[in-house]
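Thanks for making the time this morning.

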Amino acid sequence: MKKLLALVLSLVMMCSCIVMASAEAPAKIGISMPTQSLERWNRDGSYLDEQFKSAGFDTILTYSDNDSGRQVNDIQNMLSDGVNLLIIAAIDGEALNTVMDEAAEAGVPVIAYDRLIMNDAVSYYVSFDNYTVGTLQGQYVETALDLANAGDKTYNIEFTAGDPADNNAGYFFGGAYDVLKGYIEAGTLKVVSGQTEFSAVATAAWSTDTALNRASNLLASYYADGTVLDAWLCSNDSTAMGVAQAIESNYAGNNAVVVTGQDGDIANLANIVDGKQTMTVYKNVKNEAVVTLALAKAMIANEEIGEALASSFGVACAYDVESYETSEGHKCPSFLLVPSVITKDNLQELVDTGLYVMGDDGYLKAAE
Ligand code: GAL
């Protein structure tokens, strides 16, 4: 009897030890970022990693060099390493089905970070309002050229959109095009190349070189005869970088061309100071990490997730259960932060975030 009691007691002790160990072992978070070749993802990766670590989590952070196969591998390794939650910015939103099914089988929840993944294993989506990013770019062109009061005047524009594999790219382009469509139809705005379809203006992997080459070709084919180029709508900074370079080298006109962008990359902010790019839509990715951490904590603690959580972040963020679907009819609850417009006139707003400093040379740098 005594022996039995001792056995039961030691079993009880063993069990409580296991419970304690698992209650105390920090949850492990897999953070899968697309590439280090674009500035913003370096910032996203390190903010996420730092913030999760300082909140007491273990983390695994990977970059997959814009190679979808490699991203699948990286995520599979995270699953074998026993991660408790995945945060993924997909290279190709349609290419992660197998590994998403594996995550679901292993009971590992997924937050789609910034870019949506087309698989119902995704529990939540954290991003900026992507359509609004495009709207801001379109409205900027509309105001800069004063299209509403153009009368008989006409203006020439070209478009450069993002990576077709990135679910965001269509939203950015759609948001911008919807603002400008009426002016194009009315003849106030003319797309001289005639290229207005997303598929014609898209840029694989958001490549600066691809954007540069296409822009150089269009300038040579349609503007070499002295045709004036008034604006080039670019969906983000890496493509705007290529387009600005093409304009600098291959455009004969001497008017300032309105060039839009997105992300507030350091090199593009320098171009804004120098007048080679006109604006960038800024997304504070440190705040995107703040929202992701708060959401992950709520998921792990099994807390209620909704409006109330969104208003507790201390960062402007909408809880949206309508706009995004991971498959036809399957809505993905989303937390959408608010983007803003930066031009040479309000660079101070970036300094005010604490993430940039103004150098003595008049150019912004990343804060240490
Ligand atoms: C998008 C992202 C943008 C931009 C682009 C290129 O998905 O939302 O901020 O960085 O990718 O990487």
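Predicted model: local features only at pLDDT ≥ 70, side-chain atom pairs only at ≥ 80, totals over all residues.

Leaving aside its neighbours within four places in sequence, P333 is in contact with S123, Y124, Y125, Y319, D320 and V321. For one of these, Y319, the C-alpha atom is separated from that of P333 by 7.3 Å, although the two residues are 14 residues apart along the chain.

Is S334 buried or exposed? S334 has a relative accessible area of 0%, and because buried means under 20%, it counts as buried. A polar atom of the S334 side chain lies 2.8 Å from the backbone oxygen of C332. If we again set aside the neighbours within four places in sequence, the contacts of S334 are Y125, A318, Y319, D320 and Y324.

Staying with β14, S334 and L336 point one way from the strand while F335 and L337 point the other way, and all are buried. On one side of the pairing, β14 is joined by 4 bridges to strand β5 (residues 122–128), and these two run parallel; here F128 stands opposite L337. With β11, in turn, β14 pairs in the antiparallel sense, also over 4 bridges, and D320 stands opposite S334.

That brings us to the sheet as a whole. In what order do the 7 strands of this open sheet run? The order is β2-β1-β3-β4-β5-β14-β11, and the pairing is mixed. At the edges stand β2 (58–63) and β11 (317–320), each with a single partner strand, so one side of each is left without a neighbour in the sheet. On average, and with direction ignored, neighbouring strands of this sheet are turned by 20° against each other. Helix α3 (residues 68–80) packs on the sheet and touches β1 (28–33), β2 and β3, its direction making about 175° with that of β1. Further along the order, strand β3 (residues 85–88) and strand β4 (residues 110–113) pair in the parallel sense over 3 bridges, with L86 standing opposite V110 in β4.

Which residues touch the most other members of the largest nonpolar core? Of its 52 residues, they are I87, L295 and F335. Helix α11 (residues 285–300) supplies the largest share of this core, 8 residues, and the core draws at least three residues from each of domain 1 (27–128 + 284–337) and domain 2 (130–262). Taking L295 by itself, and leaving aside neighbours within four places in sequence, the contacts are I111, Y124, V126, I305, L309, F313 and F335. Apart from this core lies another, of 23 residues, among them V72, V83, L86 and A103. As general background, nonpolar side chains in soluble globular proteins tend to be buried together.

Turning to the domains themselves, the domain assignment of the chain gives domain 1 (27–128 + 284–337) and domain 2 (130–262). How far apart are the centres of domain 1 and domain 2? Taken over C-alpha atoms, 31 Å separate them, and the contact takes 14 residues from domain 1 and 9 residues from domain 2.

Finally, there is an open sheet of 4 strands, in the order β7-β6-β8-β9, in which the pairing is parallel. The edge strands of this sheet are β7 (189–191) and β9 (258–259), each of which pairs on one side only. Strand β6 (residues 155–160) and strand β8 (residues 231–234) run parallel and are joined by 4 bridges, and in β8 the bridge partner of F159 is L233. Helix α5 (residues 130–144) packs on the sheet, touching β6, β8 and β9, and its direction makes about 170° with that of β8. Helix α6 (residues 167–186), for its part, lies across β6, β7 and β8 and runs at about 160° to β6.

I will stop there and take comments.

Definitions and conventions: Residues numbered from 1 in each chain as written. Heavy atoms only, no water. Buried < 20%, exposed > 50% of the residue type's maximum accessible area, 1.4 Å probe, protein only. Polar contact = N/O pair within 3.5 Å; in protein donor to acceptor, adjacent residues only side chain to side chain. Contact = heavy atoms within 4.5 Å. Core = buried A, V, L, I, M, F, W, Y, C linked by side-chain atoms within 4.5 Å. Domains from an automatic or database assignment. Pairing = 2+ DSSP bridges. Axes fitted to C-alpha atoms, helices over the stretch in contact; angles between N-to-C directions.
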